Amino acid sequence: MAKINMVTSLNTALHDIMASDDTVLVMGEDVGINGGVFRVTDGLFEKFGRKRVMDTPIAESAILGAAIGMAIAGLKPVVEMQFSGFSYLMMHQLEGNASRMRTRSRGRFTVPLVVRMPYGGGVRALEHHSESKEVYWAHTAGVKVVIPSSPANAGPLLTAAIQDPDPVVFMEPKRSYRSFKEAVDKEKNAFSIGKAHVVETGKDITIISWGAMMRDTIKAVEAVKSKTGFQPEVIDLLTISPMDVDTIVTSVKKTGRCVVVQEAQQSFGPASEIIAVINDQALMYLEAPVKRVTMADVVMPLFAREQFYMPKVSDIDQAITETVNF
Amino acid sequence: MPLKTIDDFSIKQLHILDENGKVDSDLEPDLSKDDLKKLYLAMTLSRMADARMLNLQRQGRLGTIPVNKGQEAASCAPILALKETDWFVGSYRELGARLMRGETLENSLLLFNGWEEGNVNENNDRTLPISIVLASQLPHAVGLAYASQYKGEKDTVVLAIFGDGATSEGDFHEALNFAAVLNAPVIFLCQNNQYAISTPLKIQTKSRTIAQKALAYGIPGIQVDGNDALSVYQAVKEAVDRARADEGPTLIEAVTFRMLMHTTADDPTRYRSDEEVTAWEAKDPLVRFKAYLMEKGIWDEDLQKQLEEDCKAQIDAAVQAFESREPFAPDVPFDHVFGTKEAVIEAQRTRFLARLGKEKENGQN
């Protein structure tokens with residue numbers, strides 16, 4: 001089977017679902033003839049035309065607001081926010097309307113749309129292009145937040161997000177867009193929204209991460225394994241909200257130890273929620289405090305300093321080692 | 001090279017019925033007697049229900065309500081130009097419009113007493129719930145209109161209502177631009193009632209009219225006497241016809257006045273004079289419409305008395321039904337977070353219900 005990168009995985013998923021479901025349409029800035037600035041929507045315009053692949057005015061709030069109207073009327077819009085740093089202009093539409101329409105109307109009107117946005121650091125970009133703010137969306141009831149980590153899960157998860165009955169914020173770790181290739185087996189890779197993926201089973205410690213940090217986490221786990229012989233269990237969260245509490249708790253009850261790795265800044269992030277969940281449901285099984293590896297609570301620096309702030313393989317390695325030896 | 005004028009712009013203002021109910025017969029719309037009566041009934045019911053709700057609120061029997069008095073023509077008349085299959089996307093001060101769309105009075109009583117159940121219009125599935133954040137509903141209207149274009153529903157248009165304050169919001173400008181670019185069948189109707197809570201129009205905009213903002217987006221704009229139901233109807237009808245003919249969106253500014261407070265939590269004496277309010281009393285939309293109907297020979301004081309009795313009975317019945325209703329289940333919000341059953345939500349529901357059960361046992365609720 002041919003190996004592909006994450007951009008191709010996402011692009012193929014869009015081509016496939018648009019071919020099979022004519023209620024799906026793509027809209028955003030430069031998604032049409034240009035194929036998106038990262039080329040995720042490449043070729044869609046040529047194949048499906050302007051009506052289904054819409055280049056919009058540069059107006060994030062109206063893009064999402066119009067998508068809400070389309071979704072209420074029975075379409076399935078897939079919106080691209082060109083960079084997550086531009087998405088805050090549509091935040092009030094997501095928080096104020098998309099997330100609430102089902103509740104507001106007691107289920108009469110629903111908003112099945114997907115907001116795709118590239119996010120995260122490590123690509124030497126300009127200001128506003130490197131942050132990891134998944135927690136903004138995850139803290140909003142009624143919104144699902146999905147973050148793929150690889151070509152194998154990106155396409156299948158995007159398809160699942162488009163088919164989901166709720167608004168889904170689909171955050172694409174752009175550092176992973178083209179950095180590696182994998183075979184994507186649609187039959188074998190049944191990824192679904194709300195389900196974490198146990199990447200590797202083990203008994204000594206649970207390592208939880210998501211997005212671009214998964215690659216670094218796996219590298220660190222390999223290093224720890226070869227050094228110590230410990231058998232870590234590795235969980236790729238994939239859905240930030242609603243969180244797969246079951247998979248986390250089951251694993252931590254088994255291993256008694258846990259490290260959470262997040263690219264986002266430390267305070268109030270998903271790692272904090274994961275630790276709270278463990279505290280609620282698996283505290284008595286713990287043999288060590290749960291550690292988190294995160295960025296510091298600073299404004300994301302420009303790329304000259306970025307490397308000092310993003311969690312590194314060695315940070316993860318150290319956290320695992322300390323937790324195992326506690 | 002001398003300066004050239006590359007375009008000329010102008011804004012028209014439409015008045016059909018003057019303050020005394022005298023009609024300009026050249027401009028008089030072709031409305032049936034039944035439609036005229038239907039419109040007058042809705043305006044009267046809206047006026048009387050608004051007064052009763054204000055009363056209920058003052059008695060502590062209803063939560064905070066936005067008050068509608070004075071805006072009945074701008075609210076009710078546009079709906080007469082719509083079909084049931086068109087979409088209505090409103091703000092929060094269009095009781096009359098909602099009644100015309102088949103929403104019950106009990107809906108308003110429920111909603112403004114804190115029950116989302118009041119947002120469900122059982123009689124029309126193309127009426128969106130009220131929108132509180134100013135202008136945020138306008139992009140939705142554009143999306144609904146695009147969906148009708150997309151699905152080839154040639155006959156479906158969208159009416160969006162908002163206030164003068166909303167025209168300062170980014171969403172207003174983004175939505176007009178978006179609709180114009182897509183040639184979407186949307187009618188943007190601004191109820192310019194002169195005040196956004198305490199902020200008068202002159203602080204909201206330096207434009208002489210709100211209608212002229214349409215010109216910047218390349219779409220038609222018109223100002224109408226918003227207290228004249230015929231002018232409002234006519235302007236909306238023409239915009240609806242254009243939208244149905246694939247000629248794109250229109251902005252209509254209906255100039256009206258909010259006769260009372262913004263909401264029951266507001267005290268308008270802090271920011272405007274009695275004289276200003278009194279001057280607008282002479283322009284009352286109901287008074288002039290009644291005079292028009294009487295002049296046409298289709299209305300008289302007996303019918304008026306009957307109408308007021310009917311409206312009162314209808315309002316009494318709605319209040320009675322609302323106040324004798326069993327409360328809805330407290331855990332309904334858990335049903336509507338997501339369209340899928342999620343373990344995180346269900347676990348929280350279980351805890352919530354257990355807590356309520358315990359409180360009940362202890363006589364706490």
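In strand S14 of chain A, A:Met295 is the bridge partner of A:Gln265. Strand S13 (residues 258-265) of chain A pairs with S14(A) in the parallel sense over four bridges; pairing requires at least two bridges found by DSSP. The model is predicted: local features need pLDDT of at least 70, side-chain atom pairs count only at pLDDT 80 or more, and totals for chains, interfaces and linings use all residues. Residues are numbered from 1 along each chain as its sequence is written, chains are lettered from A in the order in which they are written, and side-chain values use heavy atoms, without hydrogens and water.

**Sheet in chain A**
- S13 and S14 belong to an open sheet of five strands with mixed pairing, in the order S9-S11-S10-S13-S14; strands are DSSP runs (E, at least two residues), as are helices (H or I, at least four).
- Its edge strands, S9 (197-200) and S14 (291-295), each pair on one side only.

**Contact between chains A and B**
- Chain B gives 40 residues and chain A 45 residues to the contact, defined as heavy atoms within 4.5 Å.
- The two chains bury about 3,400 Å² between them, 66% of it on carbon and sulfur atoms; this is accessible area (1.4 Å probe) lost on being put together, summed over both.
- B:Tyr150, B:Phe178 and B:His336 supply 22% of the area that chain B buries against chain A, more than any other three residues.

**Salt bridges**
- Four salt bridges are counted between chain B and chain A, each a side-chain nitrogen of Lys or Arg within 4 Å of a carboxyl oxygen of Asp or Glu.
- One of them joins B:Glu116 and A:Arg106 (3.6 Å, N to O).
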